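Please look over the sequence and the model shown here before reading on.

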Amino acid sequence: MPLNYRQMMAKEQTTAKGKGDPPQGAKMRTPKKRLPRSRLTKQEIQALFARLSAINPEPQGELEYINPYTLLVAVVLSAQATDVGVNKATRALFAIADTPEKMVALGEDKVRDHIKTIGLYRNKAKNVIALSQTLMEEFGSRVPEDREVLETLPGVGRKTANVVLNIAFGHETIAVDTHIFRVSNRTGLAPGKDVLQVELMLERIVPDDFKRHAHHWLILHGRYICKARKPECWRCPITEICRFPEKTPEPGTAPAAKAKTRSNKAA
Ligand code: SF4
């Protein structure tokens, strides 16, 4: 039986639409991607930072620098290296080259000699010279106070840019390094599968009063207490807030507990 006009139009629309398309006139709903959320309550987040801040009200970074330029260089050198190792190398370097002009005049070979105790030093020496040249040619030898612009410099990624903005210019940025990533995930403060996810969540959830120093508190906590291999939970100031299920007991207490269990069995 031949189709009438309405039936033909309906057939045409059905064929043109993909399977599963909403009926015409229905509201298009964009499927919501669930963002990970903090596992801590607002009050717990407030308490966590209040405790870290009470212990160290004015936390400082551990990299040594003289001005924003030397800070930028030090942070570039610190990738996959310890702050202590970087400081050892930069003390002598910054004494003779604390501006882009002086660094370029010193030259790549001598910069390389100064930093050869640091990992990836060949590549880093190249980057230091290249970024110094760019600063001279495009920014009047000043360090730009803008994340996107900083990220265009050789050897500078988002983390480096965030550190420089926070320390040199007082921005409320949080540079998620290995320590912050670990602490954020273990505690449940800002769980995330990558550093950007953790950074964006921390930006959302850290209370305003603590934003300026959150970066340092979390790094120092990760470096000295919530260590990668064995977190020192028994002396951790935020242990009651932290959601980590395998908290480390005070040294000496665990074997004693095991011995008791054995003796109980024996009895
Ligand atoms: S309780 Fe342990 S795992 Fe949790 S933050 Fe403290 S040191 Fe890290």
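## Helix H9 and its surroundings

In this predicted model, helix H9 covers residues 158-169, and at 1.5 Å a residue its twelve residues should span 16 Å; the end C-alpha atoms lie 15 Å apart, which agrees. After H9 comes Gly170, which has a positive phi, near 75 degrees.

H9 is mostly covered, with nine of its twelve residues buried. The buried residues include Lys159, Thr160 and Asn162 as well as Val163, Val164, Leu165 and Ile167. The helices against which the buried residues of H9 pack are listed below.

| Helix packed against H9 | Residues |
|---|---|
| H3 | 68-77 |
| H8 | 147-150 |
| H12 | 211-224 |

Apart from its neighbours within four places in sequence, Val164 is in contact with Pro68, Leu71, Leu72, Val75, Val143 and Leu150.

The largest nonpolar core has 57 residues, and Val164 is among the members that touch the most others, together with Leu72, Val76 and Val128. At least two residues of this core come from each of H2, H3, H4, H7, H9, H10, H11 and H12. H3 supplies the largest share, eight residues. In soluble globular proteins, nonpolar side chains tend to be buried together.

The model also holds a ligand, which 13 residues surround; Cys226, Pro231, Cys233, Cys236 and Cys242 are the closest. The shell around the ligand consists of eight nonpolar, three charged and two polar residues.

Methods: Residues are numbered from 1 along each chain as its sequence is written. This is a predicted model: local features need pLDDT of at least 70, side-chain atom pairs count only at pLDDT 80 or more; totals for chains, interfaces and linings use all residues. A residue is near a molecule or strand if its C-beta atom, placed from the backbone, lies within 6 Å of it. Ala, Val, Leu, Ile, Met, Phe, Trp, Tyr, Cys and Pro count as nonpolar, Asp, Glu, Lys and Arg as charged, and the others, Gly among them, as polar. Helices (H or I, at least four residues) and strands (E, at least two) are DSSP runs, numbered from the N terminus. The expected span of a helix is 1.5 Å times one less than its number of residues. A residue is buried if 20 or more other C-beta atoms lie within 10 Å of its own, exposed if 12 or fewer, and partly exposed in between; C-beta atoms are placed from the backbone. Two residues are in contact if their C-beta atoms, placed from the backbone, lie within 7 Å. A nonpolar core is a set of buried Ala, Val, Leu, Ile, Met, Phe, Trp, Tyr and Cys residues joined through C-beta atoms within 7 Å.
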